[in-house]
Amino acid sequence: MFFLTHLFSALFFYFLFFDFSLIGLFFVSVGSLFPDVDYAGSILGRYFKPVEFVFGHRKFFHSIVGLVFFSACLYYFFGTIALFFSFGFFIHLFFDSLNFSGIRWFYPLKIKVKGVVRAGGFLDIVFSIVFFIGIIFLLFL
Ligand SMILES: [Zn+2]
């Protein structure tokens, strides 16, 4: 999915369920973009190219195991505020599940969950716009 779809969907649900805080906003934003660090063409991945080579795209970093592992690491250093990272990460996985390439939630098991949305395609852009409008509504109306 388009990085803005990941960012806007996570921010929309953040504003829907939680009170505003800058640190919460930071963690949920990082969590929403973090899984694509395993893709060298992504916003974060371009700075961490060896990650895709070592782990592969949409494998460990796009699974419950990855979510729990990275959340536990951040929880160790930052405490409960790091759970916003987990929240953003989970929403990223959910929306990647709608992608026609799908993800393996239970990696290393080969069971794949996939949908009909093409990354960067029409529906992906519609999601971005709808969530952006939703954020505006939640913040200002
Ligand atoms: Zn992804």
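This is a predicted model: local features need pLDDT of at least 70, side-chain atom pairs count only at pLDDT 80 or more; totals for chains, interfaces and linings use all residues.
## Contacts around Phe87

Two residues count as being in contact here if their C-beta atoms, placed from the backbone, lie within 7 Å. Setting aside neighbours within four places in sequence, phenylalanine 87 is in contact with Tyr14, Val28 and Gly31. The residue lies in helix 5, and it is buried, because 21 other C-beta atoms sit within 10 Å and the cut-off for that label is 20 or more. Lysine 59 is 28 residues away from phenylalanine 87 in sequence and 19 Å away in space, C-alpha to C-alpha.

## Helix 5 itself

## Helix 2 against helix 5

Two packed helices are described by the angle between their axes and the distance between the axes. For helix 2 and helix 5, the axes come within 6 Å and cross at roughly 35°. The crossing is right-handed. On the helix 2 side, the residues that meet helix 5 are Gly24, Phe27, Val28, Ser29, Val30, Gly31 and Ser32. Their partners in helix 5 are Phe84, Phe85, Ser86, Phe87, Gly88, Phe89, Ile91 and His92. Sorted by class, this contact has 8 nonpolar, 7 polar and no charged residues.

## Helix 1 and its partners

Helix 1 covers residues 3-17, and its 15 residues reach 21 Å from the first C-alpha to the last, close to the 21 Å expected at 1.5 Å a residue. Its buried residues are Thr5, His6, Leu7, Phe8, Ser9, Ala10, Leu11, Phe12, Phe13 and Tyr14.

How does helix 1 sit on helix 2? The angle is about 140°, with the axes 9 Å apart, and helix 1 passes helix 2 in a right-handed crossing. Helix 1 brings Phe3, His6, Leu7, Ala10, Leu11 and Tyr14 to the meeting, while helix 2 brings Gly24, Leu25, Val28, Ser29, Gly31, Ser32 and Leu33. By class, that contact has 8 nonpolar, 5 polar and no charged residues.

## The nonpolar core

The largest nonpolar core has 29 residues, and the members touching the most others are Ala10, Leu11, Tyr14, Val28, Phe84, Phe85 and Phe89. Helix 1, helix 2, helix 4, helix 5 and helix 6 each give two or more residues to this core.

Alanine 10 is worth a look on its own. Leaving out residues up to four places away in sequence, alanine 10 touches Val28, Ser29, Gly31, Ser32, Gly88, Ile91 and His92. Of these, Val28, Ser29, Gly31 and Ser32 are on the helix 2 side of its contact with helix 5, and Gly88, Ile91 and His92 are on the helix 5 side.

The loop between helix 3 (49-55) and helix 4 (64-78) holds arginine 58. Arginine 58 has a positive phi of about 60° although it is not a glycine. Is this arginine buried or exposed? Arginine 58 counts as buried, because it has 21 C-beta neighbours inside 10 Å.

Histidine 62 also lies in the loop between helix 3 and helix 4. With 26 other C-beta atoms within 10 Å, histidine 62 is buried. Proline 50 is 12 residues from histidine 62 in sequence and 16 Å from it in space, C-alpha to C-alpha.

There's also a cis peptide bond, joining tyrosine 107 and proline 108, with omega about 10°. Proline 108 is in the loop between helix 5 and helix 6.

Leucine 139 is found in helix 6. Which distance separates leucine 139 from phenylalanine 15 in space? The answer is 7.5 Å, C-alpha to C-alpha, although the two are 124 residues apart in sequence.

Terms used
Residues are numbered from 1 along each chain as its sequence is written. Helices (H or I, at least four residues) and strands (E, at least two) are DSSP runs, numbered from the N terminus. The expected span of a helix is 1.5 Å times one less than its number of residues. A residue is buried if 20 or more other C-beta atoms lie within 10 Å of its own, exposed if 12 or fewer, and partly exposed in between; C-beta atoms are placed from the backbone. Axes are lines fitted to C-alpha atoms, for helices over the stretch in contact, and angles run from 0 to 180 degrees between N-to-C directions. A crossing is left-handed if the near helix is turned anticlockwise from the far one by less than a right angle, and right-handed if clockwise. Ala, Val, Leu, Ile, Met, Phe, Trp, Tyr, Cys and Pro count as nonpolar, Asp, Glu, Lys and Arg as charged, and the others, Gly among them, as polar. A nonpolar core is a set of buried Ala, Val, Leu, Ile, Met, Phe, Trp, Tyr and Cys residues joined through C-beta atoms within 7 Å.
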